[in-house]
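Here is a walk through a two-chain model, going from each chain on its own to the places where the parts meet. Have the viewer open as you read.

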Amino acid sequence: MAHTKKLATYSLSLLAGVSMAFGASAETLTIATVNNGDMIRMQGLTDDFTSKNPGIELEWVTLEENVLRQRVTQDIATKGGQFDVMTIGMYETPIWAAQGWLVPLDDLGDDYDADDILPAMRSGLSHDGTLYAAPFYGESSMVMYRTDLMEKAGLEMPEAPTWDFIAEAARAMTDKENEIYGICLRGKAGWGENMAFITTVANSFGARWFDENWKPQLDTPEWKEAITFYYDLMQEAGPPGASTNGFNENLALFQQGKCGMWIDATVAASFVTNPNDSTVADKVGFALAPDTGKGKRANWLWAWALAIPAGTDAEEAAKKFVAWATSKDYLELVASKEGWANVPPGSRTSLYENPEYQKVPFAKMTLESINAADPGSPTVGEVPYVGIQYVAIPEWAGIGTAAGQEFSAMLAGQQSPDEALEKAQALVTDEMEAAGYN
Amino acid sequence: MARAVTKQRKTINTIAAWAVGLLIFFPILWTILTSFKTEAQAISDPPVFLFFDWTLENYGVVQERSDYMRFLWNSVIIAGGSTLLGIIVAVPAAWSMAFVPSKRTKDILLWMLSTKMLPAVGVLYPIYLIFISLGLLDTRIGLVVVMMLINLPIIVWMLYTYFREIPGEILEAARMDGASLKNEILYVLTPMAVPGIASTILLNFILAWNEAFWTLNLTAAKAAPLTAFIASYSSPEGLFYAKLSAASTMAIAPILILGWFSQKQLVRGLTFGAVK
């Protein structure tokens, strides 16, 4: 009898031990992300999350942007289940949501305040009115210019310049002997590189990728005007080798004082005004992206957002993490540790209402640029697609990159603007026909 | 006169060898130098070669941000494991092809090599799906097997070439003395082929260490080796060359040191073959 009792006691305590061990075993979230300053900062601040959620551990997989996109698509399409949270962009979100690949994020907690998310961001990251990716940081594009060179050229940058003014200023600021180029713009081929920029230029010249019936429009006079303008401007006032310049290459040129103006992502503002890296940190001004008076400015809209793949076995924990990383409290946390200038921009309205944040030199222009962008109505004419610097269809990555190679070759002097447009029109037409659009 | 020419030729040869050596080594040297620069110096134009403020900051950042030892350990296991497994499979295969060839041996060898001609991405999805169903995604064992399979044709080919140089009569003599097949391979063939096997092992280890397509595609957090560690320092928005160079230097250092110490063995194996 005593023996049986002892056995029962041992069994019970063993059972208790096992259940405790299971109870205490942490759930691990694998998060796929890119190596951007704001993401790296987040990785350094995760103690705040794990201390509030003791049962959840975080594992980071940092990948190069294109590798991340390919890995995540591959994993999500094959239901590999490698990632519980992933960093995706505004282009993928509506497409993947339509496929049923993402978990809807309409229940991130009572204090999450989804209505505080900037309207442009919210609509770009939603599908059928439901949020599928929470914006971690958002950006538009704007003009960054050298105030000293502008003054030397005897010009004054308006808050909302036209392309004609930009061209005039670029030519006036160019001093090739001293390696100062009036304007630095993207030329490196890629749907997210030169085509992001070129598409915004085209929008502002009244061009569009497709008409209402999905017929490619690259043979229209608007495209010709836009591409010829870009080509001429870069020939006269751009740096040598511009056909291989992307964001980072232009950032380097601008920081070394070799560009009079640079039109690119608003997030660059914090880099070019950082005296540790930039030789021109105290001589930078900002203005809205240019237009031609046709009603659309050449500014884009982009967000790096956190999404949860459908089928993850840690959905609840993943939602807790996404809510934490994109909350108002997180912005406060970054501000308290790293200062307001380092807070991830472009995601929440309340951030721009904060008097402390309003003191950051590029805050106002970033918000105005984001607000001026409307992915639902990106062009002067009617279009059947969503997206400003991209077309939110699965075929875009392919056609955008292929067309980008033509325009990059044009910039490198291998073909004329007319030839580039003709080839781009032909390949887009082929691709769209093959995809069954017309 | 003849002596003078020889001396002159020797000098020219030495200079040419150094020039070619430096040319090949230059990208690695540049990576190492860049790792000691600041991000601003790393992209400065004109580039700075030696006269800059040397800093260890990048190494500090990389050390702080990534768990280097975990990546290193994964690389060692994947490269070491796949090499070991490959040798175990390839030695008997190469033995049979070299010493008891059939009519179709040449065809089999060519067919094996032809698998290397297929772009890896062509079989990415089938392998990915197999990995999912076997639960091998993001595991070291999965990568060991894949790396072994990828490098197996090269291992078999190299060993086959070395074995062919060993006179079959020696093995025949061993057999006549009553050696079993196992003893013949272990005690007669292997010792004679050591330089060849060693250089095969080294080359295969280096290939597996540097392989970046499969290691990036089939791993996430747990089994990621040093190639993933390097890739994580590339940034779409922001300067990263100095930190990337520091990560690269840390990733190639172990294999560079290994190569340095074993260069004699490697050169001997690659140039002289098994038997002088």
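What follows covers the overall build, the domains, the chain contact and the nonpolar core.

This is a predicted model, so bear in mind that local features need pLDDT of at least 70, side-chain atom pairs count only at pLDDT 80 or more, and totals for chains, interfaces and linings use all residues. Residues are numbered from 1 along each chain as its sequence is written, while chains are lettered from A and ligands numbered from 1 in the order in which they are written.

Helices (H or I, at least four residues) and strands (E, at least two) are DSSP runs, numbered from the N terminus. A residue is buried if 20 or more other C-beta atoms lie within 10 Å of its own, exposed if 12 or fewer, and partly exposed in between, with C-beta atoms placed from the backbone.

Chain A has a radius of gyration (taken over C-alpha atoms) of 25 Å, close to the 22 Å from the globule rule, which is 2.2 Å times the number of residues to the power 0.38. That makes chain A as compact as a globular protein of its 438 residues.

Contacts here mean C-beta atoms, placed from the backbone, within 7 Å of each other. In chain A, 74% of the contacts with a separation of 6 or more are between residues 24 or more positions apart. For chain B, 79% of contacts between residues at least 6 apart join residues at least 24 apart.

Chain A splits into domain 1 (26-138 + 302-358) and domain 2 (140-300 + 375-434), with bounds that come from an automatic or database domain assignment. Their C-alpha centres sit 28 Å apart. Where they touch, domain 1 of chain A puts in 8 residues and domain 2 of chain A puts in 11. On the domain 1 side, helix 5 (92-98) and helix 6 (119-124) of chain A each give at least two residues. That side has 6 nonpolar, 2 polar and no charged residues, where Ala, Val, Leu, Ile, Met, Phe, Trp, Tyr, Cys and Pro count as nonpolar, Asp, Glu, Lys and Arg as charged, and the others, Gly among them, as polar.

Over in chain B, an unreviewed UniProt entry lists residues 72-262 as "domain: ABC transmembrane type-1". UniProt positions are in the numbering used here, feature names are shortened, and annotations may be inferred rather than shown by experiment. That stretch of chain B is 75% helix and 0% strand, and its end C-alpha atoms are 20 Å apart.

Last stop, the largest nonpolar core: 191 residues, a set of buried Ala, Val, Leu, Ile, Met, Phe, Trp, Tyr and Cys residues joined through C-beta atoms within 7 Å. Helix 7 (residues 140-164) of chain B supplies the largest share, 14 residues, and both domain 1 and domain 2 of chain A contribute at least three each. Among the residues with the most contacts inside the core are V85(A), A94(B) and L159(B). Beyond its neighbours within four places in sequence, A94(B) is in contact with V156(B), L159(B), Y160(B) and F163(B).

Note on methods: Contact = placed C-beta atoms within 7 Å.
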